[in-house]
Amino acid sequence: LGVLNHGLQRGFDSFYNYAGASPNRPIDQTRSALRKSIATQFRKVARYATNLFASSDALFNMAVNPLIVPAWTRMVNFKGNSQRSVDDVIDYWQDYHQGGAEKPLFAFLNLMGTHTPYYPPSNYIDHVAPSLRHDKQATKFITKFNGDAADWLSPDDPPLEDWQRHTLDGYYDAEIAYQDMQLGRLFNYLETSGALENTMVVVVADHGEGHGDHGYKGHSFVVYQELVHVPMIIRYPERFPAGKHVTTNVSTRRLFHTVLDVTDTPAPLAEDNPNADVQGLSLISSLNGRPDTERGIAYAEAYPPLNLLNILKPRKPELVEQLNLTKIRRGVYDGDHKLSLVDGKVENLFNIADDPSEVRDIAGDNPYEVDKLQEKMTDFLNDAMSQRLDSVDNGDVREDVIDNLRALGYIE
């Protein structure tokens, strides 16, 4: 994501990218004119080469060869740099307020450290998964896994053994612990500087990760809980009571409305657009026992990432067909029940309150619930399609950006 031309930087006054062969940081602005010019030109070449590999099936397949994966994942800062990212946010915050600025500041920090490949600092493995530290079998397995980029997001074939899932979980948890430490530094700065008193802090993930759960690895193709049930934490005592745990199903898209609500900012949408209801969709509306605007109904969907499919099709065509990997999967939540569909057909129904790991498909025993949730999904898709047809054409988005977003599985 960080090294592709995806257009996601639009809308920011300043956007710094810590991934790629030539990252850009705020400190670059202090360089001499000559150094900035050289860095800018090199960055253009590096970005062009990176996007060339991403847009060419032949080059992309060459890039995922296990012989060269370890080299480029480190050389191009594939997962960015969490320590530098946090350092720069702290420095920017200090400089911004020391300059006497009173205007509210919005900062978005995207940490990629928990993505594959897993290279957590060894002391975090000692802390989180000490049994793996000197386990030669686990070390050999994670080394092979880290070198096979095609395996990071592929279905299990053959299925992972328990010790292999345990190894992936341990290294993943160690990566999370390291990210927690980095975020802890940021939160400590906010607290000691006094900035936390008038700052709303949101911690959220855009997806989870599969480690052999339900036969899949990575975060593509499916809408099982390990991928879509993500943590979302908000600290802003003025509007969110401390310690309040909201169990209602909600969509992370509503963070958009929540931030607008807190800052008293109208939505940049037409008034008749359902998503323009800032106060109704703000997560503040789901607190204190009040009936939630969306009544505990939420939706999830997974578009097949084309770049990964182009790797899997020649290698395991029968698996792509058998698992319907070219089809869009969607899920709809209503209270305790969750229905998953593939290409519009029922795949399974779970009671996620009684069965959070989704191991007991109860679709056959609950035809009424299946029909009800299918109808909700149909209504949702029809409404979404009508909004798409009525929306303004985004003619300013280049075709290569659209192609990259589609390759990543972000759009249909």
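**A walk along the salt bridges**

The structure holds 19 salt bridges, where a salt bridge is a side-chain nitrogen of Lys or Arg within 4 Å of a carboxyl oxygen of Asp or Glu. Please keep in mind that this is a predicted model, in which local features need pLDDT of at least 70 and side-chain atom pairs count only at pLDDT 80 or more, while totals for chains, interfaces and linings use all residues. Residues are numbered from 1 along each chain as its sequence is written, and side-chain values use heavy atoms, with hydrogens and water left out.

Let us begin with Lys-79 and Glu-175, whose side chains meet in a salt bridge at 2.9 Å, N to O. Lys-79 sits in the loop between α3 (69-75) and α4 (82-98), whereas Glu-175 belongs to helix α8 (residues 162-193), so this pair ties together parts that are 96 residues apart in sequence. Helices here are DSSP runs of H or I with at least four residues, and strands are runs of E with at least two, numbered from the N terminus. Both Lys-79 and Glu-175 are buried; buried means under 20% relative accessible area, exposed means over 50%, and partly exposed is in between, with a 1.4 Å probe and protein chains only.

Stay with helix α8 for the next pair. Asp-162 and Arg-165 both lie in this helix, three residues apart, or about one turn of the helix. Their side chains meet in a salt bridge, with 2.3 Å from N to O. Asp-162 has a relative accessible area of 57%, so it is exposed. For Arg-165 the relative accessible area is 26%, which means that this residue is partly exposed.

Now move on to the strands. Arg-329 forms a salt bridge with Glu-347, and their closest N and O atoms are 3.0 Å apart. This pair links distant parts of the chain, with Arg-329 in strand β6 (residues 329-334) and Glu-347 in strand β8 (residues 345-351), 18 residues apart.

One last stop is Ala-353, found in the loop between β8 and α14 (367-390). Its relative accessible area of 47% makes Ala-353 partly exposed. The C-alpha atoms of Ala-353 and Gly-335 are separated by 8.8 Å, and the two residues are 18 residues apart along the chain.
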